Structure formats: C-alpha cells, structure tokens
Amino acid sequence: MKLYRKFLLITVLTLISIASVHAQSMARVEVEQDTVAVGTIGPYVRNVSLEIPVRNSGNTPLTIYKIKTDCICTTTSYDRTPIPPGETRMVKVDIKMESFFIDENIKSIMLYTNGQELQKQIYFTFTVKEK
C-alpha cells in the first residue's frame, strides 16, 4: 500500500510540474482595455472604425484563429499570421451605426486564440445622441 501511495504522489507531482512548465511556455493575449469607451456618436454617423492593439506577452507565437462579433452590425479584419512573442498587431473593428438606439449601447467581439487565455472578449461602449 505504501508503494502505491508513493507512486500516486510521484505521478501527481509530475503532472503538476508538466502543467506548470506548459503554462509558462504559452502565448498570452494582452489588450490595453477590455472595455473600450468609444464616446458619444452623433445622429448622422454611419460607421465607427477602431483599431485595437493585440499584444503577445507570452513566449511562443500567438495565433488568432477567429474573431466572432455579437451582431451583424460589427465586422473585423486582422492579419492572420501568428504574432511573435513581444509583438503587437492591430485588429480593425467596424461598427455600422444605422440600427442603434438613442442612448447607451454595448457591442463586443470575442477573440479565439491558442494563448493561455483561449478566449478574450473586448467590449465597446458608446452613446448615440439625438438629432
């Protein structure tokens, strides 16, 4: 029974150390803000374009597999090549303003990556004012 306990303890410690080493050698998604305050939008603005810097703060290349938006009014474009460690790439976000309510609005995008944080959500807040 003692031999079984020793074997189990060694196995658990080995798995923990492997997981720790693996977590340290991963890409990491870093954005300046999780919530971007766009500000107040006038009634005649049709489109808002933003560029969001996405940095790889890990030590292996970061790949953005896809970006999902929360509605068809939001589109994105980005360089699909892996982001080397320590480098930054821009994600372009376009929000079509034609279908928003006059008041506060929130939109978001979700980045799917190979990083330590597999999904990264970024919110955009803005207020549409009356004519």
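Five bridges join strand E4 to strand E7 (residues 103-113), and the two run antiparallel. Strands here are DSSP runs of E with at least two residues, numbered from the N terminus. Strands count as paired if DSSP finds at least two bridges between them. Within this pairing, Tyr112 of E7 is the bridge partner of Lys66. The model is predicted: local features need pLDDT of at least 70, side-chain atom pairs count only at pLDDT 80 or more, and totals for chains, interfaces and linings use all residues. Residues are numbered from 1 along each chain as its sequence is written, and side-chain values use heavy atoms, without hydrogens and water.

E4 belongs to an open sheet of four strands, ordered E2-E8-E7-E4, with mixed pairing.

Five salt bridges were found (a side-chain nitrogen of Lys or Arg within 4 Å of a carboxyl oxygen of Asp or Glu). In one, the closest N and O atoms of Glu30 and Arg55 are 3.9 Å apart. Glu30 lies in strand E1 and Arg55 in strand E3, so the pair ties together parts 25 residues apart in sequence. Asp70 pairs with Lys107 at 4.0 Å. Asp70 sits in the loop between E4 and strand E5 (74-78) and Lys107 in E7, so this pair ties together parts 37 residues apart in sequence. Lys107 is buried, at 14% relative accessible area, whereas Asp70 is partly exposed at 39%. Buried means under 20%, exposed over 50% and partly exposed in between (1.4 Å probe, protein chains only). Asp34, Glu117 and Lys120 form a salt-bridge network.
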